[in-house]
Amino acid sequence: MKFFKLFFIIISTTVFSQELTLQQANHLASLPLKCIQQEYPNKLGQLLIDSTEIQSPKKLHPTFYGCFDWHSSVHGHWSLVYLLKKFPNLSNKELIIQKLKTNLSAANIQVEIDYLNKKHEKSFERTYGWNWLLKLQLELETSSEPFAAELAQNLKPLSTIIIERYIEFLPKLLYPVRVGTHSNTAFGLTNAWDYALFSNNELLLKSIEENAIRLYQKDQNCPFNWEPSGTDFLSPCLEEMALMQRILPKTVFLSWLKKFAPNLFKKDFKWEVARVSDRTDGHLVHLDGLNFSRAWNMYYLINQYPNEFKHLKSLADYHFNFSLPSVVDGNYEGEHWLASFALRAFEENR
């Protein structure tokens, strides 16, 4: 417990600068480093056709078996690649690289591909895990670390399957999923858009743009007062905003946003943070993630449109600061994933 108390003090005394320090980075890296090869406890999102498919998590998913579930493992890997890129002198660097190379080997990725290619697993991790996988792909491809190029090449065939599934699936989705949890459609397209833009994948860009406009362009007056639902870790309103911000030109986006979220334009806009009653409850602790989701999307908006939305900076900081000390509170329920959400907020707060 001394470690967690120390980290709480470190975080609490520096959060107001919102600048990720090497000391903080080392502590945040320790969480995915600890769990990306921790097989249990584990939650499998598996559809069983017969008893032959009952196997251990590591056997089923030799790359992404750790950190409790597949998607958390994916963004745990992203966290480590991101931190190595930002801090080349990160502690335990060689151990991190060793674990990344072991997990992201070509042989292990092929097993992941084989799993996704099962006819009854076409919807596996749709679209939350898909979205994080493409963020990991982007991080590897943009890293200058010597190890990253090989791992990006290893991961690419799995990412290619995910891209094909996006393009196949999106036209079939007649109505968006607006919840604040894994199946949220808007969040499921944001990282995918970023990777499509970076990789100049015209088919994926076209698919996301056309379907996002179809699903969201007519939306008005998002009910901010409906947030949070009891176990949200994503902001339905702000994730939709972030997606439309990506695909619409400035004048069109700001016109849409005035109808969708008019309160954001008010200089005195207030929004209370989400509060967690029990951080040992794996669902209730989701609400810390919601605070980070709100923060990173407000930062993203401010970055692109500072003249219009700089008044939201203190509100974004408020949400970020509120949950940051809880990232490492000693409970695996939050520790296996919250570092990634905190890092997303750090990433956008520039």
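This is a predicted model: local features need pLDDT of at least 70, side-chain atom pairs count only at pLDDT 80 or more; totals for chains, interfaces and linings use all residues.
Two helix pairs were examined first. Two packed helices are described by the angle between their axes and the distance between the axes. For helix H6 (residues 106–116) and helix H8 (residues 146–169), the axes come within 7 Å and cross at roughly 20°. Because angles under 35 degrees count as roughly parallel, H6 is placed as roughly parallel to H8. The crossing of these two helices, H6 and H8, is left-handed. On the H6 side, the contact is made by Ala 106, Ile 109, Glu 112, Ile 113 and Leu 116, and on the H8 side by Asn 154, Leu 155, Pro 157, Leu 158, Ile 161, Ile 162 and Arg 165. Sorted by class, the residues in the contact of H6 with H8 comprise nine nonpolar, one polar and two charged.

The second pair consists of helix H7 (residues 128–142) and helix H17 (residues 338–348), whose axes come within 14 Å and cross at roughly 55°. The helices H7 and H17 are therefore oblique to each other, and H7 passes H17 in a left-handed crossing. Tyr 128, Trp 132, Lys 135 and Glu 139 of H7 meet Phe 341, Arg 344 and Glu 347 of H17. By class, the contact of H7 with H17 has three nonpolar and four charged residues, with no polar residue.

Helix lengths were compared with the spans expected at 1.5 Å a residue. Helix H13 (residues 286–304) has 19 residues, which should span 27 Å, and its end C-alpha atoms are 28 Å apart, in agreement with that expectation. H13 is mostly covered, with 17 of its 19 residues buried. Helix H2, with 14 residues, reaches 20 Å from its first C-alpha to its last, close to the 20 Å expected. The buried residues of H2 are Gln 24, Ala 25, His 27, Leu 28, Ala 29, Leu 31, Pro 32, Leu 33 and Cys 35.

The loop between H2 and H3 contains Pro 41, and the peptide bond leading from Tyr 40 into Pro 41 is cis, with omega near 0°. Ser 56 lies in the loop between helix H2 (22–35) and helix H3 (57–60). With its neighbours within four places in sequence left aside, Ser 56 is in contact with Glu 39 and Tyr 40, so that Tyr 40 takes part both in the cis peptide bond and in a contact with Ser 56. At a relative accessible area of 30%, Ser 56 is partly exposed, because the partly exposed class lies between the buried limit of 20% and the exposed limit of 50%. Ser 56 and Asp 69 are 13 residues apart in sequence, and their C-alpha atoms are 12 Å apart in space.

In the loop between H3 and helix H4 (70–86), Phe 68 has a phi near 80°, a positive value in a residue other than glycine. Phe 68 is partly exposed, with a relative accessible area of 23%. A positive phi, of about 50°, is also found at Asn 221, although Asn 221 is not a glycine. Asn 221 lies in the loop between H10 and H11. Pro 228 is likewise placed in the loop between helix H10 (202–216) and helix H11 (236–247), and a cis peptide bond, with omega about -5°, joins Glu 227 and Pro 228.

Two further loop residues were considered. Ser 143 lies in the loop between H7 and H8 and counts as buried at 13% relative accessibility, because buried means under 20%. Leaving aside neighbours within four places in sequence, Ser 143 is in contact with Lys 85 and Ala 148. Arg 275 is found in the loop between helix H12 (250–260) and H13. Beyond its neighbours within four places in sequence, Arg 275 is in contact with Leu 287, Tyr 318 and Phe 322. The C-alpha atoms of Arg 275 and Asp 288 are separated by 7.3 Å, although these residues are 13 residues apart along the chain.

Conventions: Residues are numbered from 1 along each chain as its sequence is written. Side-chain values use heavy atoms; hydrogens and water are left out. Helices (H or I, at least four residues) and strands (E, at least two) are DSSP runs, numbered from the N terminus. Buried means under 20% relative accessible area, exposed over 50%, partly exposed in between (1.4 Å probe, protein chains only). Contact means heavy atoms within 4.5 Å. Axes are lines fitted to C-alpha atoms, for helices over the stretch in contact, and angles run from 0 to 180 degrees between N-to-C directions. Angles under 35 degrees count as roughly parallel, over 145 as roughly antiparallel, 65 to 115 as roughly perpendicular and the rest as oblique. A crossing is left-handed if the near helix is turned anticlockwise from the far one by less than a right angle, and right-handed if clockwise. Ala, Val, Leu, Ile, Met, Phe, Trp, Tyr, Cys and Pro count as nonpolar, Asp, Glu, Lys and Arg as charged, and the others, Gly among them, as polar. The expected span of a helix is 1.5 Å times one less than its number of residues.
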